Every structure is written in C-alpha cells, then in structure tokens.
Amino acid sequence: MKNIAVIGAGTMGNGIAHTFAQKGFKVQLIDISQQSLDKGLATITKNLNRMIAKEKISEADKEATLGNISTYTSIKEGVEYAGLVVEAATENVDLKLKIFKDLSEACSEDTILATNTSSISITQIAAVTKRPDMVIGMHFMNPVPIMKLVEIIRGYNTSDEVTNTIMEMSKTLGKVPVEVNDYPGFVANRILMPMINESIETLYNGVAGVSEIDTVMKLGMAHPMGPLQLADFIGLDVCLSILNVMYDGFKNPKYAPCPLLVNMVMAGKLGVKSSEGFYDYSESRKAEKVAKQFV
C-alpha cells in the first residue's frame, strides 16, 4: 500500500500528508479549493525548512517529500489509485457523512477508509458506506509530523484485518498507535475536553485569571502548556464541537460546554486561528499577552 489519499489540506490534513510523504508514500492531497491546497503545500514546505534548519533532514529529503505529494480538487480523481484514504476535513458530522458516501462510490472495494475525527462515531460514519468493515479511525495529534500518538478507533464493524493493517502502518510512520473503542471523544478528548471546559468554567466563575489558571496547571501538574492556551491552540470552535458531540452522545451534563466558550465561538474569538481567544495573538503566536477581555 504505497498510494495514500488525504482529504483536507488544513492543519491536520497537510500534517498527515507531510508525514506519509516523508516516509516515502505517494500522497494525493485533496481539497475543494486550489487556494487551500497551495496554502497546505506552503505549510509543508515551511515545516520541512524548519527541519532542515534543525539538521533533522537534508535538502534532498525535503525535495523527495514534496515530490511525493500531488494535489487534486476532485475526490474521484484523487482517490483513484489509493489503498488508504485518510479524511481530515472539518469536524462536522454532516460533512464527514457526505464525504464517506462519496468515497464509498469512488474507491475500489479493497480501499481502507480512515477518518481523523477527534470525536465523531466511527460506526455512524461507516454506516453510510457499503463497506463498514473497511472503515476505521486514525486520530492523529497536532502537530502531526512531531506528535507520536495515533488513536486507532475501531467501529462496531471494523475488521481485525483492517485494524491490524492500520496499526502496523502507523508504526511505519514512526508513530505509536493505541487501539481504542468507539465511544464519543474516544480516550484523548474524553479526558482532555472536560479538563479544558472546567478550566473555562473556573475562569467564568471568577476563581482565577487566564494566566493564573494556566500557570497552576503548568507548574503544579507539569503540563507543557496550560489548558486555556491549549484550547486556543486547538481552536475554541473545535473544542465546542467536540464537547457538543460528547454531550449529545452521553446525555451527561458534565460534558455541557461552558457558556463562556459558547459566547466566544459565536463572537469569532477562536484562539490562534483568529488571532484572539483567551490570549491575544495579534503580535505573536505565543501565549504571552492575555486577551483584553480577561485583563
């Protein structure tokens, strides 16, 4: 299996494409917008240049990696020869269901269909295809080229053969795959998102300020970044979407998103991607300046 199609050229998609291409796979990167594809390739190039500067790869490695990536704006054309498709579109259930319906029609019968969803049911996604046994979750962590973990999520009908194939392929990428079962949020976000949500509640209730909450978690719990900074990095819209999936899935009020998070997303304060969330990123992508709303 040397041909990999990746759907979505955003942060996760271009990171997944980069990772496969660097390991010698031929990657077909697919997005509906040529502008998004160009932006994704520019990000991959920038990240490869950063690796050269750190003497982790050579210029020849960079050129080989970029040479392994081709771009498409058509799913049908992009997946024609793929042995594996990894969907990394926006975390929207209706969009993902449509993509997988299309993939079920466009791909050969032996193509494995994987989704990078961070919370949506693999079983639900698989149900809209003609091959639920060939559908699996590959939840990469951001930034993909650096982070080692891949959550491998089995849907209700995912076959042992497909699971074993994807576990071994993840190891080929230099990743550490961990097999989990198909429940809302899986493992990573089922634990992480309630912590982030509780951090936002702590701020909302006036217990402490933004930098104080993050400092407690960094210095007291040895977290590399505080939960509010991490929420900004993930994207507050993504955090809200995941919490809503878990709340809908479990019907448990402990997963209900904090009103402050809901309001910030409605106001377009999404974190790093919008230059403002709990921190102000207008001058730096580092969380050095608390957003004026919270000062």
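Reader: How far is the sulfur of Cys258 from the closest cysteine sulfur, and in which residue does that sulfur lie?

Author: Please note that this is a predicted model. In general, a disulfide is a covalent bond between the sulfur atoms of two cysteines. Here the closest cysteine sulfur to that of Cys258 belongs to Cys239 and is 12 Å away, which is too far for a bond. A pair would have to lie within 2.5 Å to be counted as a disulfide.

Reader: How many disulfides does the count come to?

Author: The count comes to 0 disulfides.

Reader: Is Cys258 buried or exposed?

Author: Cys258 is buried, since its relative accessible area is 0%. Cys107 is buried as well, with a value of 7%. The cut-off for the term "buried" is under 20% relative accessible area.

Reader: Let us turn to charges. How many salt bridges does a search of the whole structure find?

Author: Side chains of opposite charge can pair when their charged atoms come close. The search of the whole structure finds 11 salt bridges. One of them joins Asp102 and Lys98, with an N to O distance of 3.1 Å. These two residues lie 4 residues apart in helix H5 (residues 93-106), about one turn of the helix. Asp102 is partly exposed, at 32% relative accessible area.

Reader: What separates Glu168 and Lys171 in helix H7?

Author: They are separated by about one helical turn, because they are 3 residues apart in helix H7 (residues 160-172). Glu168 forms a salt bridge with Lys171, and their closest N and O atoms are 3.3 Å apart. Glu168 is partly exposed at 45% relative accessibility, and Lys171 is partly exposed at 46%.

Reader: Which residues are linked in a network of salt bridges?

Author: The network links Glu87, Glu91 and Lys96. Within it, the closest N and O atoms of Glu91 and Lys96 are 3.7 Å apart, and both of these residues are buried.

Reader: Which residues gather in a patch of positive charge on the surface?

Author: The patch brings together Lys46, Arg50, Lys54, Lys56 and Arg285. Arg50 belongs to helix H2 (residues 34-53) and is partly exposed, with 42% relative accessibility.

Reader: Which residues make the nonpolar surface patch?

Author: Leu149, Val176 and Val178 make this patch, which covers about 210 Å². Val178 is part of strand S8 (residues 176-181). At 38% relative accessibility, Val178 is partly exposed.

Key: Residues are numbered from 1 along each chain as its sequence is written. This is a predicted model: local features need pLDDT of at least 70, side-chain atom pairs count only at pLDDT 80 or more; totals for chains, interfaces and linings use all residues. Side-chain values use heavy atoms; hydrogens and water are left out. Patches are made of residues with over 30% relative accessible area and no salt bridge: like charges are joined within 9 Å, nonpolar side chains (Val, Leu, Ile, Met, Phe, Trp, Tyr) within 5 Å. Accessible areas come from the Shrake-Rupley method with a 1.4 Å probe; for residues, only the protein chains shown count as cover. A salt bridge is a side-chain nitrogen of Lys or Arg within 4 Å of a carboxyl oxygen of Asp or Glu. Lys and Arg count as positive and Asp and Glu as negative; His and the chain ends are not counted. The place of a charge is taken as NZ of Lys, CZ of Arg, CG of Asp or CD of Glu. Buried means under 20% relative accessible area, exposed over 50%, partly exposed in between (1.4 Å probe, protein chains only).
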